[in-house]
Amino acid sequence: MKREFAGDRMVDVFARKRAWHRRRAEAPLVEKVRILLDLQRQEIPLLAAQRPLRRWERPWNITP
Amino acid sequence: MASLADVFRVLARMREEGVVIDYAIGGATAVLFYAEPTRTYDVDVFALLPADESSSLAPLVPVYQWARAHGFTVDAGHILVHGVPVQVLPAYSALVVEAIQTARVHYYEDVSVRVVGPEHLAALALQAGGARRRERAWLLLQTARIDRDQLRALVRRHDIDVEIPDEA
């Protein structure tokens with residue numbers, strides 16, 4: 001009984017996750033570019049901690 | 001500060017001025033037009049070059065010369081267009097040529113930009129292989145509107161050994 005409940009919860013979690021991905025995919029293009037610029041700014045320090053960055057790996061200094 | 005539209009304007013100008021015969025944005029930047037954003041730090045641009053250049057040993061020299069003449073720096077195989085690294089890739093396979101010729105015209109703000117269609121984008125990712133590109137193809141299958149029959153025909157025609165599922 002407990003296991004079934006957990007299974008239902010997981011189905012719900014995956015469904016919400018799919019819906020979240022779908023919303024991001026259907027966002028206006030300018031919003032998606034804004035997300036990309038955010039991703040770049042968030043990821044660069046993590047990438048730099050793992051390996052030397054290539055010369056062109058840096059956040060784009062532009063507006064969406 | 002420049003915007004992505006300014007970068008796209010420069011690509012259109014390269015085509016207008018005959019530096020490239022035709023072009024289409026590919027890679028993760030193209031994915032933005034059809035699916036959820038994935039990280040990238042450069043803009044891949046597939047290009048059909050004038051006949052004289054495409055058979056040369058250094059086909060991109062005229063493209064780089066044009067870029068420098070317009071005030072853009074060329075570094076590590078990328079043209080820095082308003083600070084955005086743009087990598088121009090001469091069409092290297094029949095699939096890329098087809099992807100350029102069948103590119104879709106999108107509008108970003110008021111700028112028209114040629115972008116590889118989603119089926120060709122997925123086929124190119126599957127053909128290139130590697131974990132990140134397979135992930136990109138999967139992302140397109142999951143979140144973009146892909147004509148799966150067209151994608152199946154594409155992978156068959158270009159000898160890409162992959163099964164396209166009915167649902168991703």
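Predicted model: local features only at pLDDT ≥ 70, side-chain atom pairs only at ≥ 80, totals over all residues.

Q: How much area do chain A and chain B bury between them?

A: The size of an interface is often given as the accessible area lost when the parts come together. Here chain A and chain B bury about 2500 Å² between them, and 63% of that is on carbon and sulfur atoms. On chain A, the trio A:Leu29, A:Trp56 and A:Trp60 supplies 27% of the area that chain A buries against chain B, more than any other three residues.

Q: And how many residues does each chain bring to the contact?

A: Chain A brings 25 residues and chain B brings 28 residues.

Q: What about polar pairs: how many does the rule find across the interface?

A: There are 12 residue pairs in polar contact across the interface of chain A and chain B, counting pairs with both residues at pLDDT 80 or more. As for where chain A's side comes from, the elements giving two or more residues are helix 1 (2-25) and helix 2 (29-50) of chain A. Helix 2 of chain A gives the most, with 11 residues. Sort that side of chain A by class and you get 14 nonpolar, 4 polar and 7 charged residues.

Q: Which residue does A:Arg24 meet in a salt bridge?

A: Its partner is B:Glu36, at 3.1 Å from N to O. A salt bridge here needs a side-chain nitrogen of Lys or Arg within 4 Å of a carboxyl oxygen of Asp or Glu, so this pair qualifies.

Q: Where do the two ends of that B:Glu36 and A:Arg24 bridge sit?

A: The B:Glu36 and A:Arg24 side chains meet across the chains. B:Glu36 is in the loop between helix 2 (27-31) and strand 2 (43-48) of chain B, and A:Arg24 is in helix 1 of chain A.

Q: Now the largest pocket. How much space lies in it, and which residues lie nearest its centre?

A: About 480 Å³ of space lies in the largest pocket. Its lining has 21 residues, and A:Arg22, A:Ala25, B:Gln142, B:Thr143 and B:Ala144 lie nearest the centre. The elements giving two or more residues to the lining are helix 1 and helix 2 of chain A, together with helix 7 (131-143) of chain B.

Q: What does that lining look like by class?

A: The lining of the largest pocket has 11 nonpolar, 3 polar and 7 charged residues.

Key:
Residues numbered from 1 in each chain as written. Chains lettered and ligands numbered in written order. Heavy atoms only, no water. Contact = heavy atoms within 4.5 Å. Buried area = accessible area lost by both parts, 1.4 Å probe. Polar contact = N/O pair within 3.5 Å; in protein donor to acceptor, adjacent residues only side chain to side chain. Helix = DSSP H or I, 4+ residues; strand = E, 2+ residues; numbered from the N terminus. Nonpolar A, V, L, I, M, F, W, Y, C, P; charged D, E, K, R; others polar. 1 Å grid on protein atoms, 1.4 Å probe; cavity = no way out; pocket = protein on both sides within 12 Å on 5 of 7 lines; lining within 4 Å. Points joined across faces, edges and corners; volume = space filled by probe spheres on them.
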